[in-house]
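Visitor: I have not looked at this structure before. Could you take me through it step by step?

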Amino acid sequence: MTLEVADIEIHPGRQAEFDEAIVHGVTTVIAHAKGFVGYRVFKGIESPTRYLLQIEWQTLENHTVDFRESDAFGVWRGIVGDFFARPPIVEHFDLLA
């Protein structure tokens, strides 16, 4: 299993809209992608415009190839992309323990 972690910074004052958009985007688009296992979204306390999106994939390629190279990726970015203050920082992790 691979964990994708996206560090997202959005434009100030749009948190309530983004809260709805990110959940909508994950549940209606990403959740139907090949290899999707589950997700969690964390909202910053000290930095209220910062979010961490964690998505579990069966394999790294399920995210980097199957999803990222699909039409669904464009649909996802259409839902959340206008909120981004900068491009998200995305990294992948393997479970150690």
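Guide: Let us begin with a term: accessible areas come from the Shrake-Rupley method with a 1.4 Å probe. By that method, the protein chain has an accessible surface of about 5800 Å², and carbon and sulfur atoms hold 55% of that surface. Please note that this is a predicted model.

Visitor: How many helices and strands does the protein chain have?

Guide: There are 3 helices and 4 strands in the protein chain. Along the sequence their order is β-α-β-β-α-α-β.

Visitor: And what does the C-alpha trace span along its principal axes?

Guide: The C-alpha trace of the protein chain spans about 35 × 35 × 20 Å. A compact globule of 97 residues would have a radius of gyration near 13 Å, and the value for the protein chain is 13 Å, so the two agree.

Visitor: What share of the residues is buried?

Guide: Of the 97 residues in the protein chain, 34% are buried. On contacts, consider those with a separation of 6 or more: 71% of them join residues 24 or more positions apart.

Visitor: Changing topic, how many positive and negative side chains are there?

Guide: The protein chain carries 8 positive and 15 negative side chains. The centres of these two sets lie 3 Å apart.

Visitor: Let us turn to single residues. Where does Gln-15 lie?

Guide: Gln-15 lies in helix α1, which covers residues 15-28.

Visitor: Is Gln-15 buried or exposed?

Guide: Gln-15 has a relative accessible area of 17%, and therefore it counts as buried, since buried means under 20%.

Visitor: What does Gln-15 touch?

Guide: Leaving out residues up to four places away in sequence, Gln-15 touches Ile-10, Lys-43, Pro-48, Thr-49 and Tyr-51.

Visitor: What about Gly-25, buried or exposed?

Guide: Gly-25 is also a residue of helix α1. Its relative accessibility is 0%, so Gly-25 counts as buried. Apart from neighbours within four places in sequence, Gly-25 is in contact with Ile-30, Trp-76 and Ile-79.

Visitor: How many residues apart are Gly-25 and Arg-14?

Guide: Gly-25 and Arg-14 are 11 residues apart in sequence. In space, their C-alpha atoms are 16 Å apart.

Visitor: Now the loop between β1 and α1, please. Is Pro-12 buried or exposed?

Guide: Pro-12 is found in that loop, with β1 covering residues 2-9. Its relative accessibility is 65%, so Pro-12 counts as exposed. The C-alpha atom of Pro-12 is separated by 22 Å from that of Arg-40, and these two residues are 28 residues apart along the chain.

Visitor: Which helix holds Asn-62?

Guide: Asn-62 has its place in helix α2, residues 60-67. With a relative accessible area of 5%, Asn-62 is buried. Not counting residues up to four places away in sequence, Asn-62 touches Lys-34, Gly-35, Trp-57 and Phe-67.

Visitor: And Glu-61, where is its place?

Guide: Glu-61 is in helix α2 as well. Its relative accessible area is 46%, so Glu-61 is partly exposed. Glu-61 and Gly-35 are 26 residues apart in sequence, with 8.8 Å between their C-alpha atoms.

Visitor: Which residues is Arg-86 in contact with?

Guide: Setting aside its neighbours within four places in sequence, Arg-86 is in contact with Asp-7 and Glu-9. The Arg-86 side chain reaches the backbone oxygen of Asp-7 at 3.5 Å.

Visitor: How many residues apart in sequence are Arg-86 and Glu-9?

Guide: They are 77 residues apart in sequence. From C-alpha to C-alpha, Arg-86 and Glu-9 are 6.3 Å apart in space.

Technical notes. Residues are numbered from 1 along each chain as its sequence is written. This is a predicted model: local features need pLDDT of at least 70, side-chain atom pairs count only at pLDDT 80 or more; totals for chains, interfaces and linings use all residues. Side-chain values use heavy atoms; hydrogens and water are left out. Helices (H or I, at least four residues) and strands (E, at least two) are DSSP runs, numbered from the N terminus. The radius of gyration is taken over C-alpha atoms; the globule rule is 2.2 Å times the number of residues to the power 0.38. Buried means under 20% relative accessible area, exposed over 50%, partly exposed in between (1.4 Å probe, protein chains only). Contact means heavy atoms within 4.5 Å. Lys and Arg count as positive and Asp and Glu as negative; His and the chain ends are not counted. The place of a charge is taken as NZ of Lys, CZ of Arg, CG of Asp or CD of Glu. A polar contact is a pair of N or O atoms within 3.5 Å; within protein, one must be able to donate a hydrogen and the other to accept it, and residues adjacent in sequence count only if both atoms are side-chain atoms.
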